[in-house]
Amino acid sequence: MQKTFGRYADYYDLIYQDKDYHRECDYIESLWRRFGKTDVRSVLNVGCGTGGHDILLAERGYEVHGLDRSIEMVEIASEKAGKRNLNINFINQDIIHFQSDRKFDAVISMFATMGYLTSNENLIAGMKNIRSCLDKGGLFLFDLWYGPAVLAQRPETRMKPMTIEGEVLYRLALPSLDSTRNAVDVEYIIIHPSRNLEVRELHRMRYFFVPELEWMADQGGFSMIGSFAFLSEREPPSLDSWNITCVLGAV
C-alpha cells in the first residue's frame, strides 16, 4: 500500500476542523443500539487518524483502541488523548497485518478508510483480521465511497482555504478517476506560503458497489445487515450518496 499521511498529518486537524465528530459519534452509537445484540463497551477503530472519534468515544465511557498505519497520525492522536488524561491504546499498524489477542464488542472504520485497501487480496485480508477481533454477532461499522454516486457526480478539483494564526493556507485536491479499477487517485497539495512550502501526497481510494460489498462481507466472515446514506439510519444509498455507511455482523 502507498505511504500516506506523512507530513500531511501535521495539517490534518486543520483541514478537517469543521468535521462534526460529535454528530458522527452520535450516529455510531445509534447504529450500535439499533443493530447490536449486546451492549458495546470496547471498540477497535481501524484507521483512527488523529483520534477524533476515539477521544469522544472514550469521553463517553467506552474502552477504545485506535489502529493506524501512519506513525505521524498515531503520535498526534496519543498526544491529544494524553492532554485530556484519556487512556486510549493507539497502535501503529495496518489492518492487513494486525493481529489481536483479544476480542472487541465492535469495530469501526470511518472516513472511508476501507477504500485504501485497493486490491481484493488486501481487502479480504483486512476483513478477516477485523472478523478475528469480534465474537459472533459483533458489529463492524464503516463508511466508504459509493460507486454509483462517484460515477454520477465525478470527482472534481477542489481548493480549500484554511486559516491558522491569521495566516491563510490552501489544500488542493487533484483527482483522477480510474474506472477500470474502481478507484480515484487524489493528489493532495498543502500550500503554506509563509514557509514557501508545498506538501504533496497521492492517495488512491477505492469505491464500492453493493454486490461487491456483499461479496466482501461473505469472504471476510460477515453478513451484510444494511447499507445507508452516510449519517442516515433509514435512507438507502443513492446517486446523491457519495459516502455510505455499511453495518456488518460477524457470523
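Reader: Why is the set containing Trp32, Ile88, Ile108, Leu141 and Trp145 called a nonpolar core?

Author: A nonpolar core is a set of buried Ala, Val, Leu, Ile, Met, Phe, Trp, Tyr and Cys residues joined through side-chain atoms within 4.5 Å. Buried means under 20% relative accessible area, exposed over 50%, and partly exposed in between (1.4 Å probe, protein chains only). The largest such core has 53 residues, and the five named are those with the most contacts inside it. Helix H2 (residues 21-35) gives the most to this core, with seven residues; helices (H or I, at least four residues) and strands (E, at least two) are DSSP runs, numbered from the N terminus. Another core, of 29 residues, lies apart from it and includes Ile95, Ile96, Val107 and Ala217.

The model is predicted: local features need pLDDT of at least 70 and side-chain atom pairs pLDDT 80 or more, while totals for chains, interfaces and linings use all residues. Residues are numbered from 1 along each chain as its sequence is written, and side-chain values use heavy atoms, leaving out hydrogens and water.

Reader: What makes glutamate 201 count as buried?

Author: Its relative accessibility is 9%, and therefore glutamate 201 falls in the buried class. This residue is in strand E9 (residues 197-208).

Reader: Why is the pairing of the side chains of glutamate 201 and histidine 203 called a polar contact?

Author: A polar contact is a pair of N or O atoms within 3.5 Å; within protein, one must be able to donate a hydrogen and the other to accept it, and residues adjacent in sequence count only if both atoms are side-chain atoms. The contact between these two side chains is 2.9 Å, so the distance meets the limit.

Reader: Why is the link between lysine 160 and aspartate 18 called a salt bridge?

Author: A salt bridge is a side-chain nitrogen of Lys or Arg within 4 Å of a carboxyl oxygen of Asp or Glu. For lysine 160 and aspartate 18 the closest N and O atoms are 3.5 Å apart, so the pair qualifies. The count between domain 1 and domain 2 is one salt bridge.

Reader: How many residues of each domain are in contact with the other?

Author: Contact means heavy atoms within 4.5 Å. By that rule, 19 residues of domain 1 are in contact with 28 residues of domain 2.
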